[in-house]
Amino acid sequence: MNQQNTTQVLSLARHFTVLLSPTPRGARLARLLAVEWLRDQEVPHEATEAATHVVAELAANAATHGRVAGRSFRLALLGREGVLRIEVTDTRGERLPRAQPPRPEGDSGRGLILVEALADRWGVELGPVPRKTVWAELDLRHR
């Protein structure tokens with residue numbers, strides 16, 4: 001790993017924000033845009049891989065469970081002091097996400113378990129009404 005690139009990432013103080021349609025296409029676009037932004041910021045490969053999966057899961061949740069017709073969801077990527085913060089905001093503040101054991105016969109329900117495994121921290125912030133933001137943080141120094 002190139003030490004110069006790692007140092008540059010650790011002092012990262014930029015952000016990226018975009019509004020997307022709450023559809024499978026919007027969720028896929030969130031992942032693709034995140035990959036490009038992370039590459040432009042020279043985030044190390046392992047952190048980019050983890051962040052890409054987290055963005056994909058949170059965006060898919062926003063498009064599936066946070067969907068309100070005519071309202072977009074927001075993806076934000078924020079880098080500061082060696083931490084990458086991923087935020088996905090939707091307009092279904094009354095529907096709070098929670099990790100729960102997946103059903104063996106189910107095809108879904110594993111997203112937040114994956115987020116828990118890949119992120120160093122994650123949580124939910126409410127407001128302003130009717131919004132909620134699901135966020136996850138990755139410590140870049142440990143990847």
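Contact here means heavy atoms within 4.5 Å. The model is predicted. By this criterion, Pro24, Ala27, Ala30, Arg31, Ala34, Val35 and Leu38 in H2 meet a set of residues in H3. The H3 side of the contact consists of Thr48, Ala51, Thr52, Val55, Ala56, Ala59, Ala60 and Ala63. Of the residues in this contact, 12 are nonpolar, two are polar and one is charged.

Two packed helices are described by the angle between their axes and the distance between the axes. Helix H2 spans residues 24-40, and helix H3 spans residues 45-64. Their axes come within 8 Å and cross at roughly 155°. Angles over 145 degrees count as roughly antiparallel. H2 and H3 are therefore roughly antiparallel to each other. Their crossing is right-handed.

H3 also packs against helix H4, which covers residues 111-118. The axes of H3 and H4 come within 9 Å, with a crossing angle of roughly 150°. This pair is therefore roughly antiparallel as well. The crossing of H3 and H4 is left-handed. From H3, the contact draws on Ala50, His53, Val54, Glu57, Leu58 and Asn61. From H4, Gly111, Leu112, Leu114, Val115 and Leu118 take part. The residues of this contact divide into seven nonpolar, three polar and one charged.

Pro22 counts as buried because its relative accessibility is 10%, and the limit for buried is under 20%. The C-alpha atoms of Pro22 and Thr64 are separated by 7.3 Å. These two residues are 42 residues apart along the chain. Neighbours within four places in sequence aside, Pro22 is in contact with Ala62, Ala63, Arg67, Val68, Arg71, Ser72 and Phe73. Ala63 also belongs to the H3 side of the contact with H2.

Salt bridges were counted next. The count comes to 10. One of them joins the side chains of Arg39 and Glu36, at 3.5 Å from N to O. Both residues lie in helix H2, three residues apart, about one turn of the helix. Arg39 counts as exposed, at 56% relative accessibility. Glu36 counts as partly exposed, at 42%.

A second salt bridge pairs the side chains of Arg80 and Glu137, at 3.7 Å from N to O. Arg80 lies in strand E2 (residues 73-80) and Glu137 in strand E5 (residues 132-139), so the pair ties together parts that are 57 residues apart in sequence. Arg80 counts as partly exposed, with 41% relative accessibility. Glu137 counts as buried, with 8%.

Arg80 and Glu137 also belong to a network of salt bridges.

Glu94 is exposed, with a relative accessible area of 56%.

Methods: Residues are numbered from 1 along each chain as its sequence is written. This is a predicted model: local features need pLDDT of at least 70, side-chain atom pairs count only at pLDDT 80 or more; totals for chains, interfaces and linings use all residues. Side-chain values use heavy atoms; hydrogens and water are left out. Axes are lines fitted to C-alpha atoms, for helices over the stretch in contact, and angles run from 0 to 180 degrees between N-to-C directions. Helices (H or I, at least four residues) and strands (E, at least two) are DSSP runs, numbered from the N terminus. Angles under 35 degrees count as roughly parallel, over 145 as roughly antiparallel, 65 to 115 as roughly perpendicular and the rest as oblique. A crossing is left-handed if the near helix is turned anticlockwise from the far one by less than a right angle, and right-handed if clockwise. Ala, Val, Leu, Ile, Met, Phe, Trp, Tyr, Cys and Pro count as nonpolar, Asp, Glu, Lys and Arg as charged, and the others, Gly among them, as polar. A salt bridge is a side-chain nitrogen of Lys or Arg within 4 Å of a carboxyl oxygen of Asp or Glu. Buried means under 20% relative accessible area, exposed over 50%, partly exposed in between (1.4 Å probe, protein chains only).
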